[in-house]
Amino acid sequence: MVKQSACYIIFGILICLFYNSCFPPNDEAITKLEYSFNDPEVRQLLDSKDKHQKDTLLLFLKHEKASLRYLAALSFASFRDSTVIPELSQLLNDPVEGVKQAAVYSLGQIAHVNAESALIKSFLAVDSIGPFNATNSMILEALGKCGSDSTLSLICNISSYTPDDTLLLYGQMLAFYRFGLRDQFCKNSEEKILQVATNDRFPSAARLIAAQCLQRFKYFNLNEHSELLKKACNEEKNPDIRMCLITAFARISSPGVVAALEELYSRGLDIRIQSNILRGLQNQQGLQALYFALKAIQNPSLHVSIYAAQFLLEKGNNEISEELKKLTEQTNLPWQVKSIVYEAALNHIPGYLVLTRQTIEWNLKAQINQAKNPYEKAAYLKALATNSKELPFLISLESSKQHAYLRTTLAECIEKIMKKPDFTLVFKGSKNGIYQLLSNYFTRQCEIADPGILSIMASLFSKSHPLSSKYFKADSMLQIAQSKLSLPRDIETYNDLGKCIASIHKTLYTPKIVEYNHPIQWNLLEPYRDTIHAIISTNKGDLNIDLYPKIAPASVINFIQLCKDSFYNEKIFHRVVPNFVVQVGCPRGDGYGSLDYTIRTEISLLNYQESGMIGMASAGADTEGVQFFITHSPAPHLDGRYTIFGKMTAGNDVLMSIHQSDQIKWIQIK
């Protein structure tokens with residue numbers, strides 16, 4: 001099959017003009033794929049998708065209406081089933097180009113090698129203004145999701161695409177990126193990716209993906225391209241591309257890299273770029289990098305300051321002991337930064353400086369006692385967990401009346417210490433009192449059946465531990481705890497425990513799939529148009545967003561209903577990853593909460609290749625519910641994995657100012 005596939009793609013590339021003349025665009029190919037949710041057949045189709053009724057969807061693949069064939073084909077991008085590849089492949093000959101594109105996309109999403117041959121056969125090589133180029137671009141990307149090494153090699157060897165071949169270049173770069181996410185690489189692609197990423201003569205969409213390849217994949221040896229990347233970092237105008245180039249450049253092991261990064265940082269660029277400069281320092285060593293981070297920790301942007309503190313934590317040493325001590329005494333550092341500074345100080349200040357370390361630990365405990373914000377208190381607890389001897393103190397803080405995020409963080413701290421190599425050295429002897437304390441703690445957690453803590457316990461006990469050999473019978477206790485969980489609300493923790501129990505028994509575990517229990521309330525869409533406007537009011541300001549009911553109807557309807565019920569009022573942004581995402585909507589405030597239903601994943605042709613995209617958080621296919629996130633920057637590795645149901649249209653400065661423990665005040669649907 002591989003040889004046959006190779007012949008098809010070479011054949012397609014060589015006979016461009018033949019295809020252009022023999023297959024002129026059909027009039028139906030430009031038919032708009034319009035549909036209405038008031039159409040009973042549209043509702044039946046989408047309800048069938050939500051209920052995973054494969055046979056009904058297969059019938060719609062043959063429907064006379066192009067819009068219904070399109071929706072049915074696209075359903076399999078979410079409902080992935082390799083057995084439907086033959087039926088989807090038949091749509092690659094559909095007279096409506098949009099239907100063909102939906103089939104191409106879903107075949108890529110199914111990510112099975114059986115789709116490779118059909119996709120290659122359907123590649124119609126035409127010139128840069130040909131009617132099939134958008135589809136060809138999608139085919140190249142789809143092959144990146146399901147293709148073999150042989151196909152990767154063929155795509156690598158395509159050298160005929162010029163800067164004017166906008167869609168084909170974009171598809172080729174996406175193919176490299178999707179192959180890379182599957183750990184498949186081609187050395188011959190390196191030069192082409194570098195050329196596209198660093199040369200502004202090429203189209204920006206293709207350049208962004210090429211730059212994302214350089215940023216993400218360490219397969220490429222960039223040392224010999226140091227000057228090219230340095231020049232590109234200095235001259236690039238597009239901040240989304242520049243961020244990626246800087247991250248790639250920072251991976252180069254060269255004496256001049258840190259100085260170049262400092263020079264870029266000093267220009268006061270977009271804080272997202274400054275964030276990537278500091279994040280890129282993780283690949284550098286030496287005092288110059290450490291002192292750069294010590295300076296950057298004073299940056300007024302919390303995003304930048306956090307990355308500087310994390311660098312000091314991960315790469316610091318005793319040579320900056322005095323500077324770390326001074327930072328712990330600085331009163332104007334935000335708690336998100338200062339908590340990391342405390343942890344860095346306890347990690348890197350030498351043990352023989354007993355009084356210094358004791359003072360830092362005393363001050364850290366004072367911060368824990370004084371903190372009213374549970375997220376602040378939790379951050380300081382993480383720092384204290386650096387010292388294994390503080391385990392009894394941490395256990396003593398546990399209370400069922402605490403905020404869920406604080407309880408979950410305590411469990412993470414306990415797990416961290418229990419997994420440290422020095423655990424059995426600090427707590428010597430099998431009769432050490434710590435074992436009984438831990439056994440009592442974990443027994444209580446199993447009785448309470450807190451989903452956040454149980455998920456952490458599943459991680460801890462999936463491998464053998466001295467505690468479980470005598471004091472705590474993890475297998476039986478976790479089974480009891482698992483039976484107390486509420487489904488589908490706690491499906492993520494349920495499966496975590498299932499995997500752990502199976503690991504203890506050395507058996508395989510098949511994750512439980514939640515049953516469909518939340519029918520779409522179509523009537524909620526009646527007052528609205530194809531795009532719905534909304535305002536998310538936060539304590540930092542307003543975020544204006546557009547919702548896309550035609551793209552993700554179940555997600556949008558669910559969101560509207562939650563807003564009408566005031567569900568999101570006062571919900572906390574519990575997760576903020578600098579220059580990546582903010583996440584909100586958890587009723588517990590720790591990321592482990594939901595309501596007693598789930599909605600289906602709705603993957604579409606939209607992607608995360610620009611900032612401000614709004615996606616549904618999930619713990620796997622069809623587990624979405626109430627949590628959603630907004631991206632700070634392009635994140636193409638999320639494409640095809642998380643439902644996109646909207647986009648931010650205004651409020652970027654507000655978005656970048658949101659930090660953990662900020663909250664939504666209300667959401668208004670307009």
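1. Between which two helices does the loop that holds Asn387 lie? Asn387 sits between helix H23 (374-384) and helix H24 (391-396), where helices (H or I, at least four residues) and strands (E, at least two) are DSSP runs numbered from the N terminus. Asn387 is buried at a relative accessible area of 16%; buried means under 20% relative accessible area, exposed over 50%, and partly exposed in between (1.4 Å probe, protein chains only). Setting aside neighbours within four places in sequence, Asn387 is in contact with Glu361, Ile417 and Lys420, contact being heavy atoms within 4.5 Å.

2. On the basis of the note: this is a predicted model, in which local features need pLDDT of at least 70 and side-chain atom pairs count only at pLDDT 80 or more, while totals for chains, interfaces and linings use all residues. Residues are numbered from 1 along each chain as its sequence is written, and side-chain values use heavy atoms, with hydrogens and water left out.

3. The largest nonpolar core has 217 residues, and Phe442 and Phe628 touch the most other members. Such a core is a set of buried Ala, Val, Leu, Ile, Met, Phe, Trp, Tyr and Cys residues joined through side-chain atoms within 4.5 Å. Apart from neighbours within four places in sequence, the contacts of Phe628 include Ile536, Phe559, Tyr568, Phe645 and Ile664. A second, separate core of 9 residues includes Phe580, Val581, Leu638 and Ile644.

4. The loop between strand S5 (613-616) and strand S6 (628-631) contains Thr623, and Asp622 lies in the loop between S5 and S6 as well. Asp622 is buried at 5% relative accessible area; Thr623 is buried at 16%. Beyond four places in sequence, Asp622 is in contact with His52, Val514, Thr598, Ile599, Arg600 and Thr601, and Thr623 touches Ile491, Thr598, Ile599 and Ser618. The side chain of Thr623 also reaches the backbone nitrogen of Ala619 at 2.8 Å.

5. Helix H5 (residues 66-75) is largely enclosed by the rest of the structure, because 10 of its 10 residues are buried. Among them are Arg69, Tyr70 and Ser75. The cover over the buried residues of H5 includes helix H3 (40-50), helix H4 (54-60), helix H6 (85-90) and helix H7 (97-110).

6. The axes of helix H18 (residues 287-296) and helix H19 (residues 302-315) come within 8 Å and cross at roughly 145°. Axes are lines fitted to C-alpha atoms, for helices over the stretch in contact, and angles run from 0 to 180 degrees between N-to-C directions. The contact is made by Ala289, Leu290, Ala293, Leu294 and Ala296 of H18 and by Val304, Ser305, Ala308, Phe311, Leu312 and Lys315 of H19.

7. Most residues other than glycine have a negative phi, and most peptide bonds are trans. The peptide bond from Leu487 to Pro488 is cis, with omega near 10°, and Pro488 is found in the loop between helix H30 (474-483) and helix H31 (491-505). Ala111 has a positive phi of about 55°; this residue lies in the loop between H7 and helix H8 (116-121) and counts as partly exposed at 43% relative accessibility. Glu570 has a positive phi near 70°, is found in the loop between helix H32 (553-564) and strand S3 (575-577), and counts as exposed at 59% relative accessibility.

Note on methods
Polar contact = N/O pair within 3.5 Å; in protein donor to acceptor, adjacent residues only side chain to side chain.
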